Amino acid sequence: MGKIGGAALRYRIMAWVTGVVLGCLTIWLIVGYGFMDYANTDVKPDLYRLLWTAHGWLYFIYLIVGVDLAFRMRYSIWRTLGILIAGTVPFMSFVSEYFVHKDVVARVAVLQGDPS
Amino acid sequence: MSKHPTPSALLRTALTPRWIGFALLATIFMIGCVGLGRWQWDRTQDIIQAEQASRSAPRAIEEVAVPGGNLANELIGQPVFAKGSYEAAGQVLVLNRSFADQPGVWVVTPLRLFDGSLIAVLRGWLPDPTAPGVVPPAVAVVVTGVVQPDEGFYADAKPDSGTLVAISSVELRKLWGPETRPGYITLATQQPTFTPGPTPVPPTVVTGNVAFPIQNLFYAIQWLIFAAFASFVYGRWLWRDAQEMSAKDGDFSTTVTSS
């Protein structure tokens, strides 16, 4: 099942990319609003705004590859929703990716062990 | 698996309680997405219009801020002028405001307009509440400045009378009465001039010269894409369930063509 392998790899890459960007932005947001007065003054760097915009589009790619993988893995709607929402919660995409990866490895092993 | 489900299988699948539930869920999600998309679109419009307002000619404060109403988002930063007389009795000091790294207070004085209503004027900064210039001039003045929204922080603070921790129309209305207009004017010029007076401060909320709100615009687009995506996911999963129902029925023969 090379198709699952490719979909899993795409999901893995996007889970890490969106996860790292969102994680960095979350820390930046806490530091910025907590200690650098982002709320009251106009000192937000352009890079900060740019990264939020980029995260919006990266998350959209994450949605596409996530749905693609969930469909190939025949996940239920609920499990699929869980995977998709994980991409919006800081650091949760790594957790989701861990379980999905374990599941994919197990599935591929079963498929390869069973020649039928 | 590339076989098409029969229309009847598709319909029967869609009408199972499970899939009706999913349809409801998808609909609620899509309504939410469209609502959030509209909100971001409105934000985009507000920012663009406020940017234009900030560059437009000064308008009379009477046109911009109506007593009892709210200040429209797109008018924040609008240059305005107002004619009237200061009422020294209503003056409040906003505590803990620094200027050029020096601690001090902001002086907010009600200006009684000729129609009887009041508008708050942030006359400027003073190093302490007893500095010369704290008492407003007693003659009729024409002030120009920029409209600013309420400061939304420390709403529950209970400072001593005659002082505030933030400029709030709600608090000012309690002090000055229902004829108080929303928002306040950051004083830029005053005719006739009086010295000494408080040092004028720059507006807190700057709406001119801001970047195009590309972040809000993209979010508006993305919410709509999410809504479309939800309908795609619903359709694709339903399609597969219907395919399986067709397969169970064994009625592929009606639709499958040899390929």
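Colleague: How many bridges join strand S5 (residues 118–126) of chain B to S8(B), and do these strands run parallel or antiparallel?

Modeller: In this predicted model, where local features need pLDDT of at least 70 and side-chain atom pairs count only at pLDDT 80 or more, while totals for chains, interfaces and linings use all residues, S5(B) and S8(B) run parallel and are joined by 4 bridges. Two strands pair if DSSP finds at least two bridges between them, and strands (E, at least two residues) and helices (H or I, at least four) are DSSP runs numbered from the N terminus. Residues are numbered from 1 along each chain as its sequence is written, chains are lettered from A and ligands numbered from 1 in the order in which they are written. One bridge partner pair to look for is B:Leu118 with B:Thr180 in S8(B).

Colleague: In which sense does strand S6 (residues 141–148) of chain B pair with S8(B)?

Modeller: S6(B) pairs with S8(B) in the antiparallel sense, over 7 bridges, and B:Val142 has B:Gln191 of S8(B) as its bridge partner. S8(B) itself, residues 180–191, is mostly covered, with 9 of its 12 residues buried (20 or more other C-beta atoms, placed from the backbone, within 10 Å of a residue's own; exposed means 12 or fewer, partly exposed in between). Across chain B, buried residues make up 29% of the 259 residues.

Colleague: Which peptide bond joins B:Gln191 and B:Pro192, cis or trans?

Modeller: Most peptide bonds are trans. The bond between B:Gln191 and B:Pro192 is cis, with omega about -10 degrees, and B:Pro192 is found in the loop between S8 and H5 of chain B. That loop also holds B:Pro196, and the peptide bond from B:Thr195 to B:Pro196 is cis too, with omega near -5 degrees.

Colleague: What is phi of A:Arg74, and is A:Arg74 buried or exposed?

Modeller: Most residues other than glycine have a negative phi. Phi of A:Arg74 is near 55 degrees, a positive value, and this residue, in the loop between helices H2 (46–72) and H3 (77–86) of chain A, is exposed because 9 other C-beta atoms lie within 10 Å. A:Phe91, in the loop between H3 and H4 of chain A, has a positive phi near 70 degrees and counts as exposed, with 12 C-beta neighbours inside 10 Å.

Colleague: Which residues of H4(A) are buried?

Modeller: An α-helix has 3.6 residues a turn, so residues three or four places apart point the same way. In H4(A), the buried residues are A:Ser93, A:Ser96, A:Glu97, A:Val100 and A:Val104. They lie on the same side of H4(A) because they cover an arc of only 95 degrees around the axis, the arc being that of the directions from the helix axis to the C-beta atoms. The face turned away from that buried side carries exposed residues, including A:Tyr98, A:Lys102 and A:Val105.

Colleague: How many residues of chain B are in contact with chain A?

Modeller: Residues are in contact if their C-beta atoms, placed from the backbone, lie within 7 Å, and here 12 residues of chain B are in contact with 10 residues of chain A. Helix H5 (residues 214–249) of chain B gives the most to the side of chain B that touches chain A, with 10 residues.

Colleague: What ipTM does the model score, and what pLDDT does chain B average?

Modeller: The model scores ipTM 0.75 and pTM 0.67. Chain B averages a pLDDT of 86, and 95% of the residues score at least 70 (pLDDT is the predictor's confidence in each residue, from 0 to 100). Over residues 252–259 of chain B, however, the pLDDT is below 50.

Notes
Contact = placed C-beta atoms within 7 Å.
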